[in-house]
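Please open the model in your viewer and keep the selection tool at hand.

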Amino acid sequence: MSAQAVPSTPSPEIRHSISPEELARIKRENRRDQFGRAWYKFSRNPLSVLGAAIVIAITLMAIFAPIIAPYPKHAEPFTDFASASQPPSAEHLFGTDEIGRDILSRCIFGFRYSLVMGIVVLALVVPVGVFLGLVAGYYQGTWIDTVVMRVTDIFLSVPPLILALAIASVLEPNLTNAMLAVSLMWWPWYTRLVYGLASTLRNEYFVVSAETVGAGTGHILLREILPNMISPIFTKISLDMGWVIIIGSTLSFVGLGVQPPTPGLGTMVASGARFLPDQWWIAIFPALSIVFIVLGFNLLGDGLRDLFSAEEA
Amino acid sequence: MSAQTPILDIKNLSVHFRVYGGVLKVLDGIDFHVFPGEKVGLVGETGCGKTTTMKAILRVLPTPPAVIPNGEILFKGQNVLKMSERKLLDMRGQGISMIFQDPTSALNPVFTIGQQLEAVIRHASPQNHRLSRSAIEQRARLALREVALADPDRLLNSYPIQLSGGMRQRVCIGMALSTDPELLIADEPGTALDVTIQDQVLRLLQRLVDEKQKSVILITHTLGIVRQTTDRVYVMYAGNMVEVAPTKRLFAKPAHPYTQGLMAAVPRLSGGGISEGIPGRIPSYMNPPVGCRFHTRCPYAMPVCERLKPPVFTVDDEAHQVACFLYDAPDKVQAYKQEQVAV
Amino acid sequence: MSGDVVLRVENLKKHFVVGHTGVIHREPITVKAVDGVSFEIRRGETFGIVGESGSGKSTIAYITMGMYLPTSGTITYDGRDLFAEKKRPIGLKKEIQIVFQDPGSSLNPRQSIKQILELPLRIHNPHANRLEEVIRLLDLVDLPPEYMHKYPRQLSGGERQIVAIARALATNPSVVVLDEPTSALDVSVQGKVLNLLIRLQRELGLTYMFITHDLSVMRNLASRVAIMYLGRIAEVAATEQFFSNPQHPYTQMLLSSIPVISEEEEKLKPAKVVSTGEIPSPVNLPKGCSFHTRCPYVMDVCKRVDPVMVDVGQRGGHIARCHLFEQPPEVAQQAEAVAASQEGA
């Protein structure tokens, strides 16, 4: 009654077989191919490569600051009034500040605080934001969605810098509290992003398939949905590193973040600003360092976005 | 018909794409032509190069990554690949119109049908640019009436979302014909629609192009649609034109093993079971097989097929041509014919 | 072929609320995606459901899978009500699996084929050796074992759909819902997938609910066919009957619209019925028979009363829902009542 064209009947035993070594080799090759393809896409844009190079350079400088910096002692409480306020020279490439500290060394140490700021804030913010967005997106239309997203909206409706300033000014001004303040204003952005993605992904057939097979909610959220938003999340993280560092520096600039004599870049700009324009190097070089670090992360973020969008095509 | 000059003549066209890991040799020296007033089908499966061909004709391939190492595309005797921007705009405005598969994405959802139709008419040519508003509106109304849409006045003020899929496809056809083009390229028209609606749209399209004596290229992967609507068919496989024949003859007596395989794979309304299809898959464009690109899947592959790219041979007469070594010698053609009779 | 009934669908309705009227008198606006559908599927058969987009055929598949709850009516599997419990028990989930239309989105792009196939095994067969099972499943569908480390994007469309079939078989189901399994595939690949389905049905004794808009495929695969139009079944017949002797005007219109490739098939197309008119919006269905706006044989009664399913007097349970065939007396009475009220008004 149904079709007449009959394929050859298969034998009951397994027709194909393969050794575990062979399987492992194929797995490795697939990995290598994926990496090669990704790098090709990424490297097509020289700006992305530049961004990655900047980020790597800054990270290395931050880690090895005591070795790289010409005058590591200058990052600690230190004064040398004999060589105060010297313009850039071979000895002090970025010049010295009003109490004789080498600005280059302090900038290199300043990267440390900026990076710590960015990493700690995002490490706090991303898991929380992603988790809330994931749950709210998956349970879209239920009370969970309503509660989570309205709270998110409330946080989003307050101007972020003002919120951070308010929180930081209530607390004791130091780096830890500055990070806390920025974290409190930052998580809703991730919730929004992930919420949007999750509410689309939950209707994809592979998610429906997992549901009809009987998979648990945990599996669906973490193994089916989450891996498919890794790309936009990482792109956002990279772009946000720059932003968080700027906000952190802003807080330091107004005295709510890193406290002198610790060499925060924002703090250095603030204390150097008094000597503008005559002794411009005291404020300008730390400011340029901020530009440098933010630029690096932004270019990297753009590159990642291109990479991920190409991967999907 | 062969005494005429073709309105579109593609000669030995190759298109390559530079990508990660090498070069995709997508089009591999294709020949293709359309005579005035002729309805030509271009059939092939996903990834065979149909869309690349179409984009090359309109010169909308992004370069890079696309590279055109050789070949020419003559539209009314002028090489599209070397045209000035000005002439190119004229050609796209007045010479060639497109009908896309999905009428929903072909129309801009934020403008009314009237606005879009009038913009198409206005920008078709410098003369139209000087027409008065009411004259253009008049032409838009006419265009809608032609595609059998009642109440054009109301339609002109409607947004695409207010229309059904079938109506949208009719609007797209009306829009394509509104500039009075000489060549119409229809890319899978109606495939996104339901079969009863698709049938209506295809009959309408056919009636209009017959009335207006337009040349048409119908690009599709559905053999049945080609059989219903075209005069002559090109069959494309992996960036090669493998066969061309008058439609009737192609369906009665497909010559190329790929065409034969494709026809056999179509499930029949008359029953008879489902064929296995063609074994294997379309080759990679990065390392296409040497010789005939089909030899890896061909049931009749011979040693020569692995060495040389088959030239075009004639079956019966000039109108039926096939790129396959099976037709190299007259006795082989004879053998093939007997086989056909036996089947 | 007259085996026992595996799946019984009884007066199934699914109405989606798509909006509300007015501000003060808020009446829900509904789309009757499925509106009173009954049929039964026998063990080991391929029951085909044909229809155009919006006919409700996929909604029936999704209700069967438990993705939606029915508005009313029910589906029973082996006599067990699929919706008796709020959450379908794992044991029932195991028995009915689905293969979706688009193999691109039905496989998680971030998971390897191995991970994709392991999920149903972990849930339904936790004690098995998973690697061996994955290799066995791939073998069952004729894919070499090294495919387990590939990702969906490395496979062709046909291969992806074959993986989706293997995943559906991983729970060892008895019913498989095939929702347009080859619509997204090229014709030269389609045959391979369809023949695989035929072979698996024979080897594993599967029952298929096969949903498609492609009548040519249906002709060669189904044992019985139901045709749907705007949420209702218009005609049900054994495949042979359905194609050689279509009774409902809509079936005839659909058959006559198919592009075919041979004269032999051309002869099968009912010449008299040519496709006209638009498919009405499912939000605003015509009164009476919903097909009357496009029907070449339309009569007054069609505009007043919706016909019921009747036996059309052919062989083998051939039924159609059309006024061309003698309707039970209550339909005629109803028609008169409507006519009278219209004249009175």
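Two strands are said to pair if DSSP finds at least two bridges between them. Helices (H or I, at least four residues) and strands (E, at least two) are themselves DSSP runs, numbered from the N terminus. This is a predicted model, in which local features need pLDDT of at least 70 and side-chain atom pairs count only at pLDDT 80 or more, while totals for chains, interfaces and linings use all residues. Residues are numbered from 1 along each chain as its sequence is written, chains are lettered from A and ligands numbered from 1 in the order in which they are written, and side-chain values use heavy atoms, with hydrogens and water left out.

**First stop: the sheet of eight strands in chain C**

Select the strands β6, β7, β8, β3, β9, β10, β12 and β11 of chain C; in that order they form an open sheet of 8 strands with mixed pairing. At the edges stand β6 (96-99) and β11 (309-311) of chain C, each with a single partner strand, so one side of each has no neighbour in the sheet. Neighbouring strands of this sheet are turned by 20° against each other on average, direction ignored; the axes are lines fitted to C-alpha atoms, for helices over the stretch in contact, and angles run from 0 to 180 degrees between N-to-C directions.

Begin at β6(C). This strand runs parallel to β7 (residues 175-179) of chain C, and 4 bridges join the two. Select C:Ile98 and you will find C:Val177 of β7(C) opposite.

Move on to β8(C). Here β7(C) and β8(C) run parallel and are joined by 5 bridges; C:Val175 has C:Thr207 in β8(C) as its bridge partner. Strand β3 (residues 46-51) of chain C also pairs with β8(C) in the parallel sense, over 5 bridges. In that pairing, C:Phe47 has C:Met209 of β8(C) as its bridge partner.

Is strand β8 (residues 207-212) of chain C mostly covered or mostly open? It is mostly covered, since 6 of its 6 residues are buried, where buried means under 20% relative accessible area, exposed over 50%, and partly exposed in between (1.4 Å probe, protein chains only). In a regular strand the side chains alternate between the two faces of the sheet. In β8(C), C:Thr207, C:Met209 and C:Ile211 point one way, C:Tyr208, C:Phe210 and C:Thr212 point the other way, and all are buried.

**Second stop: the antiparallel sheet of chain C**

Select β2, β1, β4 and β5 of chain C, which in this order form an open sheet of 4 strands with antiparallel pairing. The edge strands are β2 (28-42) and β5 of chain C, and each pairs on one side only. Between β1(C) and β2(C) there are 12 bridges, and C:Arg8 stands opposite C:Glu40 in β2(C). Strand β1 (residues 5-20) of chain C is also joined to β4 (residues 72-77) of chain C, by 5 bridges; there C:Glu10 has C:Thr74 as its bridge partner.

Next, select the hairpin of β4(C) and β5(C). The strands pair over 2 bridges, and C:Tyr77 has C:Arg80 in β5(C) as its bridge partner. With 2 residues between the strands, this hairpin contains C:Asp78, which takes a positive phi near 50°.

Select helix α1 (residues 57-65) of chain C, where 8 of the 9 residues are buried. Just after α1(C), C:Gly66 takes a positive phi of about 85°. Then turn to helix α1 (residues 50-58) of chain B, where 7 of the 9 residues are buried, including B:Lys50, B:Met54 and B:Leu58. This helix is followed by B:Arg59, whose phi is positive, near 55°.

**Last stop: a buried residue in chain A**

Select A:Ala198 in helix α7 (residues 175-201) of chain A. What is the relative accessible area of A:Ala198? The value is 0%, and the residue is buried. Leaving aside neighbours within four places in sequence, A:Ala198 is in contact (heavy atoms within 4.5 Å) with A:Gly133, A:Leu134, A:Gly137, A:Tyr138, A:Ile225 and A:Met229. Finally, select A:Asn228, which is 30 residues from A:Ala198 in sequence and 9.1 Å from it in space, C-alpha to C-alpha.
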